Structure formats: structure tokens, C-alpha cells
Amino acid sequence: MATNPSTYSPSQSSERKQLQQQRRRLFQETDWTRFDGRGFQQCRPAFLKTGAASAASGSAFAAFGATKVIVSVFGPRESKKAMLYSSTGRLNCNVSYTAFSTSIRGQSSDHKEYSSMLHKALEGAIILETFPKTTVDVFALVVESGGGDLPVIITCASLALADAGIMMYDLVSSVSVSCFGRNIVIDPTSEEEACQDGNLMITCMPARNEVTQVTLTGEWSTAKINEAMELCLDACSKLAEIMRSCLKEAASAPS
Amino acid sequence: MEYVDSLTGFRLDGRRPNDMRQIRGEIGVVAKADGSALFEMGNTKVIAAIYGPREVQNKGQQANNQALVRCEYSMANFSTGDRTRRPKGDRRSTEISLVIRQTMEACILTHLMPHSQVILIEFLVHILLKFFMYFLPKICFLQIDIFVQVLQADGGTRSACINAATLALADAGIPMRDIVTSCSAGYLSSTPLLDLNYIEDSAGGPDVTVGILAKTDKVTLLQMDAKLPMDIFENVMQLAIEGCKAIAHYIRGVLLENTKQLECRRGI
Amino acid sequence: MGEMEVDRADGRTASQLRPLACSRNTLHRAHGSARWSQGDTIVLAAVYGPKAGTKKGENPEKASIEVIWKPKTGHIGKLEKEYEMVLKRTLQSICLLTIHPNTTTSIIVQVLGDDGALLPCAINASCAALVDAGIPLKHLAVSICCGLTESGSVILDPTKAEEQKIQAFAYLVFPNSPLSVLSKGSSAEDDEPIEHGTITSVTHGVMPVLDYFNCLERGRAASAKISEFLRRSLESQTK
Amino acid sequence: MVGLSAGEKHFIYGGIAQDLRTDGRQRLHYRPISVEIGVIPQANGSSRVRLGATDVIVSIKAELGRPSSLHPDKGKVAIFIDCSPTAAPMFEGRGGEELSSELSLALQRCLLGGRSGAGAGIDLSSLVIVEGKVCWDLYIDGLVVSSDGNLLDALAAAIKVALCNTGIPKTTVNLGASPNDQPDVDVSDEEFLQFDTSGVPVIVTLTKVGRHYIVDATSEEESQMSSAVSISVNRHGQICGLTKRGGAGLDPSVILDMISVAKHVGEQLMSSLDSEIAAAEASAEDQ
Amino acid sequence: MAAASTAGGSGGGGGGAGGFGAGDMEVEAYRRLFPLPFYERYLQNYVRPDARPLHRARDTSVALGPIASAHGSSSVKIGDTTMLAAVKLEVMTPSAEAPDEGSLAIEFHMPPICSPTVRPGRPADVAPVISKQLSDVITSSGMIDLKELSLISGKAAWTAYLDIYCLNSDGSLFDAALLSAIAAFSHLQIPLVSLNDDGRVIAVSGEQLENNSTIELVNKEKRKLSFQSIPFSLTCVLHNKYILADPTAEEESIMETFITVVLDSMGRLVSFYKPGGSVLVHSSTIKDCISLTKQRMEELQNILEDSTSAMEE
């Protein structure tokens, strides 16, 4: 194999940089159309399916536009390390990317930041008291990354947990918005994420009207936060409806 | 490079060959620790914190009939001129951790606290068998953790860490045989030099680090990583021992001052 | 094609093996050890165990076998992982695993020299080391490498240079069992005697199916020689 | 880490409910903050901030680097936080890594703005020397020396103070003959440029204990929290970042409420920091 | 064939289970506790618990192009075993020894989602072994002519990175991985490239071609790989005299002897892999396995053809 470092990937060139700068300029304007033809407040088509991997206790597959995620849930099972006794169960999360998930190859493997974010987003929704001394493992694999990865991972993981029969207070759904100048754009793609001015991600339990996780980057005024949060919460509850119908469908289907 | 000016006999930083850098010790810098101290030798600045004696955390490590002493040495990212990315866990840190641990272990009266007997009262409530009360003597082994953190490294971190650890152990009230102090000396430009700084240390000449038990005048630590004729080595080592004694004198002063303040606060 | 026609760099005939050497109990700390060499391919195997307990995921009702491969230089890679796996499965099939349930036996294989046929050499060394450690075995196993040249003839025990030149080769492991502890009954079910069976086969390179059978046959014939050598060297050292 | 008896827990809850915490503070009061600057001489800027028994040191080093291809007109900033085992024995070995990376991430989120660079607390374009070629890489290293809760606020304050103290060396550029060459940069030893820190936000963490939320929680109080929201506020009252810790869910209206409280508290914190910085600078000049 | 005589040939488990009639215990419990006797009861009737005859492989499906961002991709299902493979091409300078050849880099991954036994941070033991076997089989079978991956002799050549992810593991991993690798390579569409002014190779999009007809393409003809011979594999587990083709994970764990045969489309043997296991494998068994693989090869060829035609429609 050639070990010469003079490598390049065919799609990465100076043109692309220019394109990105153009886009950034474009995003600053008040009126533009999104590249996939969506409106600002329109989410990508969501496809959800449970039971993607039979080896797991529960699993789910989610495809939001180009973002494709598989989550498997194992357990409740024996805790890996002989940890101290715990009257509540433990949750263990891991997020990894495939080698071909992003445009530049080889940036794969474990994603520590997302693993801990996933943990924080889910732990408030799971009734840990129902499986004392044991661990539930939630493993996510991002097959293709097309923007808004973390919200898709969280949504998919909550569906997989439901599929595995883990007790939860409510389904967890998650949506993010990007902010460009004065515009707020829901469910951004990775192209949009690359030039966003700010991002707000909300993870919530819609039926309980509780936010389990929220992150915000960039500079926001309170009014804009208000607007963005409302948008996210609305989308979250709609997403939860889709999740619910997906679960109902799986339950009613002949096994 | 000339490390000692041939005319004046002064070193690069203006010291004479057997001058030590300015030293400063401060007790109680980490509020949450059981004992802590800051020690400065010139620009070298380290913090030591003691946690314990407490129950052994890792049962596999417990030693019989004596307390377990552990030590971890870490360097802050900003402690050296160039940024280091790995603050701990590399070979050098592991080696220094071991050196400090062995040195401090020698002066701590570990046999005085092999284990303590804790009477645990456990209530076992059982619906069918009503009440049971157990009195279980439980042996719990003890460990003492010494954590040293280098804030600035300018040569002689090993010695500074040991001095800081001594102060911190005293602050934590751990019974010790004696106070251990440490100082280094080198041999550059045909002159024995006391308390090398970073530039002198990285000159690659011999560097003798000595640790002594001050009262009994016993050497507990002696390290050198170069070749040196026997008679010169003795001179250099003697110089380092003198340095140790000076530090011991200072440390004793700091401890006395600290005790006086404690007395004051308690109103004795 | 006659075997004399093949030209080998070291002047061997096609079915001639390199000189074999085996010494046992070469390490003092190990429970059993052996050094096996075939020409310049030299492997040192050490056996530790049986130690109490098995790793998680292993069947506690049986003894567990663990193989650790130490290459001559550098770190362990995919090739070494494959060797470990093949070696482990091969040794599992010759050990009487039910005698020491819930124990682990570790075999550490240190490569001292690699001049072709490395895996067979390691298998032979491990087998001798297991005997040295007194681990109960069903029977001995002997391993051989058969190479297939471009012209379609079979050469045995190729050197590294030959391995790189030839079209394909097979690592084969055969049982050595005329004096096996297995009762005759179990092999009576089948028509062929047990020593005609194959324990392990790993091949590299493309070959016609018929040539594979040819390799099997030639390997089996040669394995008798290695068996004989192994038995002799074991007997001489037990006396 | 913090083992509390039922009585102690009750005491903490009760105190917070009655707006009189165990150390005598009210719910929205910070502990006394003490600031030192220039504690690390070999760094370009450094500070030590003590918030009660929480003690952090931040050092800032500037090194020459290359701007990223995506943002040729901006310098780079990297934030690393290290939790020293002196602060707590559980940070021993690799035990502090999880918290360290969590703190680093939260600070990056609050200080560096969005992906496009908008809303960054640190003006990255002032770090560029030659566009697309040379820029300053700012390494912000934080060390937690002693920990008694509210590390994030203390670290953010320390970074703000350290940035005020940071001098970036003046540079003179000799452009190479062809535009593709890497230009020569002379770094001055004497002249330093002061850094514009007006946009650097502070972080206010609101910790929910029982039904109320408090600022600047001690580690005892943190052990009883159900969730905590860290909000970064800048001088213009804009929100620059937000992260949530703790599993329990929060009603969206509570979050909005917290944001407005944080804005108010952040203002006070910022002014008290400003006066502390001024005092520290004055005392540094005296010496 | 006297089915009864074979039941006694099993290990100790067979004797222990003798006391339990099928009616004494729930079927699932019996299956968990005494897996070998459970299987033997089925085997006596030449059928498996999933209703397959012994020599039949599970339902196999191949879908091409599931990963839009890759140059070639496929997903393969053999029963419940699911593989996802994607090929990405990158331009590299070829090595000095082979200036007009490209290179292949094949990696097999078992992410923690695929099986309860794989934990994050610690790769499965078998993953590197299967990785190695796949590279060996694909390189030695000569399926891909590395010269077809060359762009400019000595200057530029493609490196094909094939990453195979096991999404669900239920036995016969190697077979599924090899099939997905072949499918991904057959779906591979090599992008058009041209030389820019600096002499560097750059990608050309269809749009640019229309606008600018002066672009000189380096690889106008070489858009698809032509396969010399395609390797196909079949794994069988052996138990006494029974040969079970295409085992599930359960079968692989109960029966210890397994054989993987790889044949190429010209009928030559690419690999005969039998790591350890029972000794009683004779030439007749070997011949049986090889002929089963031949049958399987025909099935797989049809499945591959169907998937390609489904893609084209």
C-alpha cells in the first residue's frame, strides 16, 4: 500500500471552500431557500423503524434525510465492572461513527462528547429504579452523518429503549435549530450546520412537558431563545407522535 | 556554555555556587484536603495535598500490618515553557511518583495505623424474622494519598515535591519519624552547584538529588544519573545535604509558625 | 510430476523437511515449555496453568485455553491475531477440556526466528509444551506446511523465500494417534482410521480442488515423520 | 464524594427554601471572589480565581499557527481543563478526565460561539497575522487546584480575568517572495498588544435543589441538585451559551425564567469581577 | 440411516439430559439448558429448529447503494446476519514497487450494536481475524485487478477503502462479509477525474463536464471494475456425521467444528479454513463441503445478478 502522504479526497478542493463562503454570505440574507427545498420551519422527512438488530434486546433505525442511525439496547444485564452495589440501575451510552459516515474518511470511531450527551438526555426519562444492580447499554452507530446527528441519535435511542421494554416516564424526542443572522432554521443539514451562527438543541419528554437536555451555542437574545424553544418543543411533540405510531405499528404487526 | 562565570564565580541567575534559590512554604492551600502545602524553590512551584488516612479504596493494593501510601505526580499543562499535552501518566511522571512515594513511606509511621477496627451496627429488618441486630467488628485498612501538582517547573521539581509533601503530611497530622527534606546539587564547569535551575539541569551534567531525615541526619533518597568521580561525588552530595539541612531548618520554622497560629485560633 | 524435478534453493527434495529440533523444559518459571525449530524457524512456547477461573464468556464447565502470540519484533497485528485464533482452536481440540473445568491454561508463544511455516512450527512447539506441562491431551497433533508451486507440484515445509514464490500453500494439522487415549469405539463408526482426519486447515492462495487433496495426502504422509520425531524426543526426555 | 446524613440534607433543603443557605448566603448570592493576575510568569496571561474554597488557575499561551482553511481570517482558540487530584482524590489517574472534558466542552460552547464564528466571546479575527497563512493559536489551560462546587463559573471568570491580563506580542511580517511561501514573522519581545475582552461572557450556573434554584452552589449543595443550567451572559445581556447538567427534566418556562435571572446575576458578577480585576492590576503594578 | 445410533455420540450433555422427556420441561428452557441434545433431536430428522433442511442456507438478500456518499456500497442479509459495506476511493501515489497498481484496504468492524458480547472500546476477538481473512481471500482470488485502479503510472492511483460493518451478528459472519464486499465492489462507480494545472488530480462533476468540454479526463473508460473471478464462500458446522450449512450464532456456539470453503467462479479453491474442532473430518466430508459450496455459489450468483438488475431498473 502506498504510504505516501500526498493524499487528497476527490471532493475537497478550493472550490468547495469558495462554495462554503458563498453559502455563508447567502445565509445572512433574510430570504433564501434551503438547498433541499424545505421551508425554514420544516423538518426533514423522518423514517423510524424498530427491531433493526435482532441480537439486541431492543433496537431502532432512524433516517432523517441523509442522517442514518442505528441504536441497539442491551440489558438490563449484569454490570460490566464489579461496581459498588446500587439500588438503581445504571445507564451506559456509547456513540460511534462508521468510517464512511462523513465526507472525509477515517474520522470514525467513538464519539465521547455525544456519548455523554446521550447519557444526559436519556437518564432523566428512564425509570432506573426498575432494574436495580444491573446496567442498560445503549449503543448507537451513525451509519451516515448528514447533520443534526445528536438529536437523531437521542430520538432513535429512546425508540430503541421502548422497543427493549425499558420503563420510561415518556418517550424522549429531540430537535435542533440553527440560527443564521435573524433567521431560525429547524433541523439543519450538515452543510447548514457548518456555517451556522448558533445552534439550540432541545431534548424533551413531550407528554410531561419537561426538557431533559438543552444546549445552546452562539449569541442569542432572550426573545430569539423564546421563539426557537417554542419551535423546538412543537417539533418535538410532533416527532413524538411519529415515534408513538411507529411503536404502535410494530406492536400490532404480526410477529 | 559557561555555567559559572570564570571571573566573578557567579552562576547564570546571579547565585553563587552554593547558594540556594529563594524558598517559600505555605500550609493549607487546598481547603478540602486533609492536609496541603505549597512549596516554592525559585520559580519552581508545587502544591501537595494529602487525603487520608482513609479506608483502602482498591482492596487489591492493601498491605498487611501497615498503612498504604500512594502518590501521584502531575504537571500542569502550563508548568513548562512549552505546553505539555499529557499532564500525567507518562514514564517520567510515573517514575517521580514512585520516588516520592518511597521517600515519604520511609518517614511515615505506617505501622502505627495498620488498620482500625470499626464497629458497624447493621440493622437487618426482615418481615418474617422480625428484628436482627448485628455487631460486626470490621477491619478496615487505611491508605494515605499524596497528590503533588507542579504549577511551575524550573528544575528541582522532585525536591520541591518532597518538601511540599512533608509540609502537607505534617499539616494532615500524619505521624512521621522525622521531616524529610530534599535538595539537589550538580557539577557544572568543574564546580559543585547547589539547587540547579532548569537551564543548569538541562545542561546534561550530573545531578544529585538527596533526601534526608533532618533530625537523625540519615539519607533516604539518593539519585544520580551521570558519571562522576568518587571524590567529586562526595563533595556534591555533601553540598546537597547542606541544602537539605537549610530547607529542614526553614520547614521547621514554617511548621512552628503554623502551630502557633493554630494555638492562637484555638485560644490556648 | 516426480518430486525430484523440483529445484529448491537449499537443495532439499520436494518432500524433505528441514532439520527438526525440539527441547523441552527450557524455561524454569513456566509450568511447561518447549523450543521447536524447523530450520531457521524457531518458536518457544510456554504453558502456564491450569489456573483457577475462566474469563467471562467462556464455558465454565470446561477448561479454557488462552493463547498469547509474541512476535519477534513489533506489535501484534491482524496476522498474529489470526494465528492466535487458529492456535487456540487447534489446541482446544486436542486437550481434554472436561478434566479441569473452570480453569484457564495460558500458552505463550514467542517467535524466535521466522523462516517460513511459522504457524505449523508454533503449533508443534505448543503441543510439546503442553505435554511438558502435563496438561491432559486426547492425542498429540503435528502440523506441516504444504506449498503448491506454479507447476502444480507439492513441496513440504517451505522456507520464507519459497512461501513468497509459490502459488498457494496450506497449513495442515493432523492427529498423531496410534497410541491415543481415545477408545477404538469412537473411530469405529467411520470407515477411515482417526489419523487420516484433519484437525486444522488454513490455506492461502488459489489452487485447484484436486491439488488441495494432493496436499492433504502428502502432508499426511510427512506428518508421520514429524510424529515419529515428536514421540521420540518426548520419550527420550521423560526417561 | 460528599457523604451527607439525612439531617444534613434536610438542613440544606430547608435553608435553601428559606433563602438562608448553610453558609449564610441568600439563594442568588455568590461567595466572595478573589482574583490574582500574572501568577504564571512564563504564560502570556494568567490568573487565579478563588470562589470560597474553589480555587482555579488559568494560563493563556499564544503560539504561532496556521488558520484553518474554513476560516482563513480567524485565529484559533483551544480550551483544555485539567482537574488536579489535589482537588479531590477521585481525580487521580484518569478519574478526572470525564469531568475535565465536560468542563472544556462547556467552556468552548460558551466562549467560542457558533460554527461560523459568530457570537464568539473572544474576537478571533484579532488573532490573525497574515490572512490564510499565519495566526495566533491561543491555548487556554485551566487547572482546578481545589474544588468546592461551581467549577464552571470559577473557570469562566478565571478565563475572563486571564484574557484581560493577556498580552499578545507585536509582530512584524516579511512577506515571502511568492504568495505561496510561508511568510516570516518576527515576534517582538517587548511590545505587547492588549486583548479586547469586552465581549467575553461570564457563566452563571443555576443549580436546582428542591423547588428552588441557587447560584454558586458548594459541593455539598451540588450533591443534592436535581439539575443545573449553566448560562453564559455577555455585557450586552445576550446569551452566549447554555448547557444543562443533571438528569431531571425541567419545565421550559423554568428554563426561560432561569435565563432572565442569570442575566441579572451575570451583570452583578461582571461588575464585581471588573472591580476585582482593577484591584488586582493595581496591586500588580505596585509590586 | 439409523438415526438412533448417532444420538449417543455426543458429549456429556447427552447423557445428563436423558432423564428429561420433552414434556417435562418447556421447550425454550430445554433449549437453553441442554442445547446439544435439543439439536440432536432435530438432526435425527434431518431438520433444524428454524425448519431448514441441513444443507440449506438461510434467506439471503443483497441491496446495492444504501450509502449515498460512498462510491460503492451494499447491504447484505443472510438470515438475521446483516452487513453493511461501503467502498470509498482516494487518490494516492502508488508505491515504487508497483507503479501502475492501485491498492485495497479492507477493514471489518464489529460495532457494539451488533452483538451483546461486543463492548465499546474493546473490539471483538474475531473482527481482526475476519478482516485478515477477507483481505487474503479478495487479494489472492485475483478478483480485482489492481492495475484497473491505476490512473497515471507512477503518479496517481486509487486506493479503495472497503469498510464492512456488521450491524447484526447471527452466525456465518465471514460469508456475509465476503458477499457484501463483492456486492459493494460490483456497485462501485469510479468517479471521473482530470488533471488540473498544477498537475494534481481533481474530481470532475457532471456539471463541469457539460459547461467545459475541454477538460481532459484521465479515466474515461475505467468507470467499473471488471472481475476476473469472484470468490464465494460457505461456512458449515459439523456435528458427528451431520453437515449443517450456513449456521446461526446458536449453532456455531453449540457445535465446535466449522469449515469455511471459498471457491471462485472458475471452481478453484481459494481457501479451505478449518481452525481446530473435531478430528473426524475425512476427505469425504471435505468433498461434501466443497460440493455444498458449489451449490451455494450458484444461488449467490443469481442473487447478485438480481440485485444488479433491480438497481438498474
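Two strands are said to pair if DSSP finds at least two bridges between them, and the legends below use the word in that sense for a model that is predicted.

**View 1. An open sheet of four strands in chain E.**
The strands of this sheet follow the order S10-S9-S11-S12 in chain E, and their pairing is antiparallel. Strand S10 (242-245) and strand S12 (269-273) of chain E are the edge strands, each of which pairs on one side only. Going from one strand to the next, the twist averages 20 degrees. Strand S11 (residues 257-264) of chain E is joined to S12(E) over four bridges in the antiparallel sense, and within this part of the sheet Val261(E) has Phe272(E), in S12(E), as its bridge partner. Helix H5 (residues 126-140) of chain E lies across strand S9 (231-239), S11 and S12 of that chain, and the helix runs at about 155 degrees to S12(E).

**View 2**

**View 3. The contact between chain A and chain D.**
In this view, 36 residues of chain A are in contact with 29 residues of chain D. On the side of chain A that touches chain D, at least two residues come from each of H1, helix H2 (112-123), helix H4 (190-194), strand S9 (198-205), strand S10 (210-220) and helix H5 (222-252) of chain A. The element that gives the most to this side is S10(A), with eleven residues. Sorted by class, the residues of chain A on this side are ten nonpolar, 15 polar and eleven charged. S10(A) also pairs with strand S12 (residues 239-245) of chain D, in the antiparallel sense and over three bridges, and in that pairing the bridge partner of Thr217(A) is Gly241(D), a residue of S12(D).

**View 4. The contact between chain A and chain E.**
This contact takes 31 residues from chain A and 37 residues from chain E. Strand S3 (67-78), strand S4 (90-97) and strand S6 (134-144) of chain A each supply at least two residues of the side that touches chain E, and S6(A) gives the most to that side, with four residues. By class, the side of chain A that touches chain E has 15 nonpolar, twelve polar and four charged residues.

**View 5. Confidence along chain A.**
Chain A has a mean pLDDT of 84, with 83% of its residues at 70 or more. Within chain A, the confidence is lowest in helix H1 (residues 14-28), at a mean of 58, and highest in helix H3 (residues 149-163), at 95. Over residues 1-14 of chain A the pLDDT is below 50, and this stretch has 26 contacts in the model beyond near neighbours in sequence. Where pLDDT is low, the predicted coordinates should not be read in detail.

**View 6. The overall fold of chain D.**
Chain D holds five helices and twelve strands. A compact globule of 287 residues would have a radius of gyration near 19 Å, and the 20 Å of chain D agrees with this. Taken along the principal axes, the box filled by the C-alpha atoms of chain D is roughly 75 × 45 × 40 Å. Of the 287 residues in chain D, 49% are buried, and among the contacts in chain D with a separation of 6 or more, 68% are between residues 24 or more positions apart.

**View 7. The order of helices and strands in chain B.**
The secondary structure of chain B comprises four helices and ten strands, which follow the pattern β-β-β-β-α-β-β-α-β-β-α-β-β-α when read along the sequence. Buried residues account for 44% of the 268 residues of chain B.

Key: Residues are numbered from 1 along each chain as its sequence is written. Chains are lettered from A and ligands numbered from 1 in the order in which they are written. This is a predicted model: local features need pLDDT of at least 70, side-chain atom pairs count only at pLDDT 80 or more; totals for chains, interfaces and linings use all residues. pLDDT is the predictor's confidence in each residue, from 0 to 100. Two residues are in contact if their C-beta atoms, placed from the backbone, lie within 7 Å. Ala, Val, Leu, Ile, Met, Phe, Trp, Tyr, Cys and Pro count as nonpolar, Asp, Glu, Lys and Arg as charged, and the others, Gly among them, as polar. The radius of gyration is taken over C-alpha atoms; the globule rule is 2.2 Å times the number of residues to the power 0.38. A residue is buried if 20 or more other C-beta atoms lie within 10 Å of its own, exposed if 12 or fewer, and partly exposed in between; C-beta atoms are placed from the backbone. Axes are lines fitted to C-alpha atoms, for helices over the stretch in contact, and angles run from 0 to 180 degrees between N-to-C directions.
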